[in-house]
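Here is a short briefing for a first look at a structure. Keep the sequence and the 3D view open while you read.

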Amino acid sequence: MIRVLIVGTGTMANDHADAFVAMDGVSVVGSVDPNPDNLHSFNAKYGIKHAFDSVNQALAWDAFDAVSVVTPDGIHHRTTMPFLAAGKHVLCEKPLATNTADAREMAAAAKDAGVVNIVNLTYRNVPALMQAAAIVAEGQIGDVRHFEASYLQSWLNQASWGDWRTEDQWLWRLSTAHGSMGVLGDVGVHILDYATFAAGADTARVSCRLKTFDKAEGGKIGDYILDANDSMAMHLELQNGAVGVIHASRFAGGHINDLRLRLFGTKGGLDVRFEQWRSTLRACLGDHLVSGTWVDIPTPEVETNYSRFIAAIRDGAPVAPDFQRGADLQRVLDLAVVSDTQSARDQVV
C-alpha cells in the first residue's frame, strides 16, 4: 500500500484525490491546509482520517510515503522542499515554482534525495499529444521546421466555471501578490510544454509580449490587485532550429479550455488538438502532401501522470515530466517576462 498525503485542499486537490482514491494499492491517508473549513470538508468528502494545518505537523506524524502538492503556485517551493528533505516522493502541481532559482533548487533536492518526482503537466495525459510526440521522434514528419500553438480560455468573459469577480479560487490567479504569474505561468507553462515536448526539442531563444487588461475599478477587488497578465504572445526558436509562435489568453470568447498545436517538418505536418475536452490528431504525410490531404490518426489511451507517479514509486524508476523539466520550463517563462520588459527583445535560454 502506497500512502499519499495531499497538501492543499482547494479545487484542484479534488482531481488529485479522485485519481488516487480510484487506484488499487493506494490510500490517501492525510491532508494539509491552514484553512480549517477547506481541510475538514475535503477530508469528509474523501473519508480521509488525518488532518494537519502545517507541513511540519504532517512531517512529525510521518505515516505517509508520497506527497501530492496542490498549493498555490507561489508556495510550491516552500511546501515541497521539506518533503524532499524527508525523502518523500513528490508530485507537484505546475508550474513547479514561480522563479527559476526556486525551481532549480527543487530539482536538485529531488535528485539528491533519490525520490520519484513529477510535475503535474496534465496535458501529458492527452492521447493525441503523446502520439504526436512519438510520430515526431520516429522521424515521420522529418526535421521539424515550424510550429504554432495556442491555449485559449474565456473565463474572464463568461462564468461557466464561476464568477471570477467574487471567488477567491479565480481572483488569486489575477494577482501577482498572491503568487500568480498570470496566464503565462498558469496556462502558458502547459502550452510551452505541449509544443516543445511534441517537437522533441527544448527552447533556445524566446521573445514575448504580455498584456494585463483593466478588469475592475482601480484594478482591484477586495485584497486582490489585478496586475497579473491576461494574454501572452511568444516567439520561440528551438534547439533543433525550428521556429514558431505560442499564444494564450483568458479572453478567448468561445473557447472554454482549448489547446491547439500544428507541427510542420520536411516530410509533413501534424495537427494536435484538445478542444471541448476531446483529443484529436490529424496528419498530412507522404503522398498526401501533394494534395494537402489531412487524415485522422488513431490515438491509443495513455496512463495519467497520477498513475505513472505511483507506478514509478513501485518500480523505483524515473518518470517524466520530472522536476528538471519543470525547472527548464520555468527558465523560459522567466525570460519571457524579461523580454516583455524590454519591448519583446530576444532572450537566449
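Is Thr79 buried or exposed? Thr79 is buried, because its relative accessible area is 8%; buried means under 20% relative accessible area, exposed over 50%, and partly exposed in between, with a 1.4 Å probe and protein chains only. This is a predicted model, in which local features need pLDDT of at least 70, side-chain atom pairs count only at pLDDT 80 or more, and totals for chains, interfaces and linings use all residues. Residues are numbered from 1 along each chain as its sequence is written, and side-chain values use heavy atoms, with hydrogens and water left out.

- Thr79 sits in helix α4, residues 76–85. Helices (H or I, at least four residues) and strands (E, at least two) are DSSP runs, numbered from the N terminus.
- The Thr79 side chain comes to 2.6 Å from the backbone oxygen of Ile75. A polar atom of that side chain also lies 3.2 Å from the backbone oxygen of His76.
- Setting aside neighbours within four places in sequence, Thr79 is in contact with Val55, Val69 and Thr71. Contact means heavy atoms within 4.5 Å.
- Met81 is also part of helix α4. Met81 counts as buried because its relative accessible area is 19%.
- Met81 touches Glu105, Met106 and Ala109, not counting residues up to four places away in sequence.
- Between Met81 and Met106 there are 6.5 Å in space, C-alpha to C-alpha, and 25 residues in sequence.

**Nonpolar cores**

- The largest nonpolar core has 75 residues. A nonpolar core is a set of buried Ala, Val, Leu, Ile, Met, Phe, Trp, Tyr and Cys residues joined through side-chain atoms within 4.5 Å.
- Six members touch the most others: Tyr194, Met234, Ile246, Leu263, Leu270 and Phe323.
- Helix α8, residues 182–199, gives the most to this core, with 10 residues.
- Beyond neighbours within four places in sequence, the contacts of Phe323 include Thr80, Leu84, Val90, Cys92 and Leu96. Met106, Ala107 and Ala110 are also among the contacts of Phe323.

**Helix pairs around α1**

- Helix α1 (residues 11–21) and helix α10 (residues 305–315) have axes that come within 9 Å and cross at roughly 55°. Axes are lines fitted to C-alpha atoms, for helices over the stretch in contact, and angles run from 0 to 180 degrees between N-to-C directions.
- α1 and α10 are therefore oblique to each other. Angles under 35 degrees count as roughly parallel, over 145 as roughly antiparallel, 65 to 115 as roughly perpendicular and the rest as oblique.
- In this pair, Met12, Asp15, His16, Ala19 and Phe20 of α1 meet Tyr306, Phe309 and Ile310 of α10.
- The axes of α1 and helix α2 (residues 36–46) come within 11 Å and cross at roughly 25°. α1 is therefore roughly parallel to α2.
- Here the contact is made by Ala13, Asn14, Ala17, Asp18 and Val21 of α1 with Phe42, Lys45 and Tyr46 of α2.

- Most residues other than glycine have a negative phi, and most peptide bonds are trans.
- The Lys94 to Pro95 peptide bond is cis, with omega near -15°. Pro95 is in the loop between β5 (89–93) and α5 (100–113).
- Ala320 and Pro321 are also joined by a cis peptide bond, with omega about 0°. Pro321 is in the loop between α10 and α11 (323–341).
- Trp277 has a positive phi, near 65°. Trp277 lies in the loop between β14 (268–275) and β15 (278–285), and counts as exposed because its relative accessibility is 54%.
- Phi of Ala344 is positive too, near 65°. Ala344 lies in the loop between α11 and β17 (347–348), and is partly exposed, with a relative accessible area of 22%.

**A buried loop residue**

- Ala242 belongs to the loop between β11 (231–238) and β12 (243–249). Ala242 counts as buried because its relative accessibility is 0%.
- Leaving out neighbours within four places in sequence, Ala242 is in contact with Val144, Arg145, His146, Phe147, Leu236 and Glu237.

How values were computed. A polar contact is a pair of N or O atoms within 3.5 Å; within protein, one must be able to donate a hydrogen and the other to accept it, and residues adjacent in sequence count only if both atoms are side-chain atoms.
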